[in-house]
Every structure is written in structure tokens, then in C-alpha cells.
Amino acid sequence: MTLVPLEPAMWGVDEGPTTGPKYRRRDDYRSAKAALQDRLLERAEIALGPFRDRIVYVESATPLTQERYTRSTAGSSYGLAHAPDAVGPLRPGYATEIPGLFLVGANAPGGHGIAGVMAGGLAAAGQVLGEDLSSSVMEGQRVLASDVVPPDGPDFDPYETARGVAMMDRRAEGRERRAARKADLG
Ligand SMILES: Cc1cc2nc3c(=O)[nH]c(=O)nc-3n(C[C@H](O)[C@H](O)[C@H](O)COP(=O)(O)OP(=O)(O)OC[C@H]3O[C@@H](n4cnc5c(N)ncnc54)[C@H](O)[C@@H]3O)c2cc1C
């Protein structure tokens, strides 16, 4: 990871993906992204030694990617700004004015990062249950019977799941069903 400019113009577009046109296949964007990726690999090789010839897959993301996928302002990857008036209890709480609606994640009081969102999730679950789960966990207590979470099936592949392949398959099936229905009707 590295710090990069957030302005869309730096990535070859006039506006971010929330309001702007599609950018992913634009030459300016692709070359800016490739240049950044190259520089990161160069720096990594200075620290770790040459390894490029062993790379089998490489992917990189820019602030535009982050904005497109999470709708975060200016491509921020860490949620709400960590300004003095927007940290900890000054953020929106876990419980909301709507009964049964709770907020979790990087924008909640627990903050961003894996540890922050895990701690926040625990605090939110505690509020749902009316228990202090965070203290129970810190004391090493088991708070969930292990059989409550079903095991992953034998075909579960975390890599394929993360890539959304299962979702793409389901969408393709849906398209086929719709096409068949249309053919039946027409
Ligand atoms: C490049 C990068 C590197 C990072 N490295 C680190 C690190 O080394 N250590 C660290 O502690 N933190 C790191 N972070 C920060 C950390 O990943 C985040 O703070 C954390 O994942 C935020 O958790 P979250 O649950 O709020 O959101 P996410 O992890 O983004 O989870 C939100 C989930 O909701 C899903 N979703 C979105 N919309 C919908 C919808 N409409 N319906 C259903 N599901 C939906 C998304 O697919 C996603 O799975 C990194 C972040 C980035 C971007």
C-alpha cells in the first residue's frame, strides 16, 4: 500500500465513479494504474529482492476502485475521517433510533481495520443481546456454541467465493431462466 493522490484527474478522469462515467477501461486510467503498480513492485523488490518472475497473478486498486465498490468519499479505505469530532463515541452508535437496526463496520465507534471492526461487531452483538460480550471474550469465555455456526461444505472454496464466482454463476443461471421464459412466451 502507498499514499496516492485522490483527485480523479490524477487517474485520468474528471469525476469519481459515484458521479462520473465508467473509467475502468480508459487508457489514461489503465496506464496511471499500471505505473503505480510498477512503482510499488519496484519498491517491494528493493526491500525483498527480485521476485517479479515468480508472480502468477497481480491486481491493484486505486482510490477510484475503492469509491466504486464502497461509495466512500474520495476513495478513502478507512471509513469516516478520523477527525477529533468523529471518533469513538462521537460517531454514529451501534444502536439506532429504529428498533432492531444496528450499525457495524469501519464507520461505527469501534473504528476501522480488522481489529476495530471485530471489536465493533462484538460490541454491537452485545447491544443486540443486552450482554457485555466484549468483556466475556476478553476473559476468554466461549460466547457461542460451536455447533451454532454450520461448517463449510466440502465444496467450499474461499478463493472462488471471494471472487464472486458463485454469484456470477447464479446470475448466469438467472439470465438463462429469463431467456427460456421469454422464448416460451414468444
Ligand atoms: C487495500 C486495503 C488494505 C487494508 N489492510 C488492512 C490491514 O492490513 N489491516 C487492517 O487491520 N485493516 C486493513 N484495511 C482496513 C480493513 O480492511 C477495513 O477497515 C475493514 O475491512 C472494514 O470492515 P467492514 O466490515 O466495515 O467493511 P468490509 O470489510 O468492506 O465489509 C463490507 C461487506 O459488505 C458487503 N456489501 C456491500 N454492499 C452490500 C450489499 N448491498 N448487500 C450485501 N453485502 C454488501 C461487501 O461485499 C463486503 O463484504 C485495509 C483496507 C484496504 C482497502
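**Ground rules.** I note that this is a predicted model, in which local features need pLDDT of at least 70 and side-chain atom pairs count only at pLDDT 80 or more, while totals for chains, interfaces and linings use all residues. I number residues from 1 along each chain as its sequence is written.

**Overall layout.** I find 6 helices and 0 strands in the protein chain, where helices (H or I, at least four residues) and strands (E, at least two) are DSSP runs numbered from the N terminus. The radius of gyration of the protein chain is 22 Å, well over the 16 Å that the globule rule gives for 186 residues, so the chain is more spread out than a compact globule; the radius is taken over C-alpha atoms, and the rule is 2.2 Å times the number of residues to the power 0.38. Along its principal axes, the C-alpha trace spans about 60 × 55 × 40 Å. Of the 186 residues, 10% count as buried, a term that requires 20 or more other C-beta atoms within 10 Å of the residue's own, whereas 12 or fewer make it exposed and counts in between partly exposed, with C-beta atoms placed from the backbone.

**Domains.** The assignment, which is automatic or taken from a database, gives domain 1 (1-77), domain 2 (78-149) and domain 3 (153-186). I read 31 Å between the centres of domain 1 and domain 2, taken over C-alpha atoms.

**Two helices.** I returned to α6 for its burial, and the number buried among its 21 residues is 0, so α6 lies largely in the open. Helix α1 (residues 27-48) is hardly covered either, with 0 buried among its 22 residues, and α1 reaches 31 Å from its first C-alpha to its last, close to the 32 Å expected. Glycine 49 follows α1 and has a positive phi, near 95°.

**Loop residues.** Proline 50 sits in the loop between α1 and α2 and is exposed, with 8 other C-beta atoms within 10 Å. Its C-alpha is separated by 32 Å from that of proline 8, 42 residues apart along the chain. Arginine 71, in the loop between α2 (63-70) and α3 (113-129), has a phi near 60°, a positive value in a residue other than glycine. Arginine 71 counts as exposed, with 10 C-beta neighbours inside 10 Å.

**Tyrosine 94.** This residue is also found in the loop between α2 and α3, and it is partly exposed, with 19 other C-beta atoms within 10 Å. Leaving out residues up to four places away in sequence, I list among its contacts Phe102, Leu103, Ala123 and Gln127, a contact being two C-beta atoms, placed from the backbone, within 7 Å.

**Ligand shell.** The residues around the ligand include Met1, Ser77, Tyr78, His112 and Val117, counted when the C-beta atom, placed from the backbone, lies within 6 Å of the ligand. I see that the shell divides into 6 nonpolar, 4 polar and no charged residues, with Ala, Val, Leu, Ile, Met, Phe, Trp, Tyr, Cys and Pro taken as nonpolar, Asp, Glu, Lys and Arg as charged, and the others, Gly among them, as polar.

Definitions and conventions:
Expected span 1.5 Å × (residues − 1).
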